[in-house]
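Please read them alongside the model.

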Amino acid sequence: MPEQGGRIGLRTRIDPDAMNLLIEVADNGKGIQQPAIERVFSPTVTTNGQRAGVGLTLSKAVVEQHGGQLTIDSEPGQGTYVQISLPLRE
């Protein structure tokens, strides 16, 4: 995200089949190149040129332990879209 003027959006909804809660986050930042997207879940990788972190690694692990999925779609120069899908319980 740029230091000034960036936008971030957050939305929650139930999927069309009413089986999952969807949590969606999108920004208009610099984006991530496609080959790097799968690597961002590794705790030893950074895309911002600074120290690597474990935030996405832990987030994905927690979501998957609850039977969900965490996906990232990004376009360089356009921003990033993250979706967390968690199964609804009866």
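1. Strand 2 (residues 20–27) and strand 4 run antiparallel, joined by 8 bridges. Strands here are DSSP runs of E, at least two residues long, numbered from the N terminus. Two strands pair if DSSP finds at least two bridges between them. Glu24 has Gln83 of strand 4 as its bridge partner.

2. Strand 4 also pairs with strand 3 (residues 69–75), antiparallel, over 7 bridges. Gln83 in strand 4 is the bridge partner of Thr71. The hairpin of strand 3 and strand 4 has 3 residues between the strands, and Gly77 takes a positive phi near 80° there.

3. This is a predicted model: local features need pLDDT of at least 70, side-chain atom pairs count only at pLDDT 80 or more, and totals for chains, interfaces and linings use all residues. Residues are numbered from 1 along each chain as its sequence is written, and side-chain values use heavy atoms, without hydrogens and water.

4. Thr80 lies in strand 4. Thr80 is buried because its relative accessible area is 13% (buried: under 20%; exposed: over 50%; partly exposed: in between; 1.4 Å probe, protein chains only). Beyond four places in sequence, its contacts (heavy atoms within 4.5 Å) include Val25, Ile32 and Ile72.

5. Leu88 sits in the segment after strand 4 (79–87). Its relative accessibility is 40%, so Leu88 counts as partly exposed. Leu88 touches Ile14, Ala18, Met19, Asn20 and Leu21, leaving out residues up to four places away in sequence. The C-alpha atoms of Leu88 and Ile14 are 8.8 Å apart, with 74 residues separating them along the chain.

Note on methods. Helix = DSSP H or I, 4+ residues; strand = E, 2+ residues; numbered from the N terminus.
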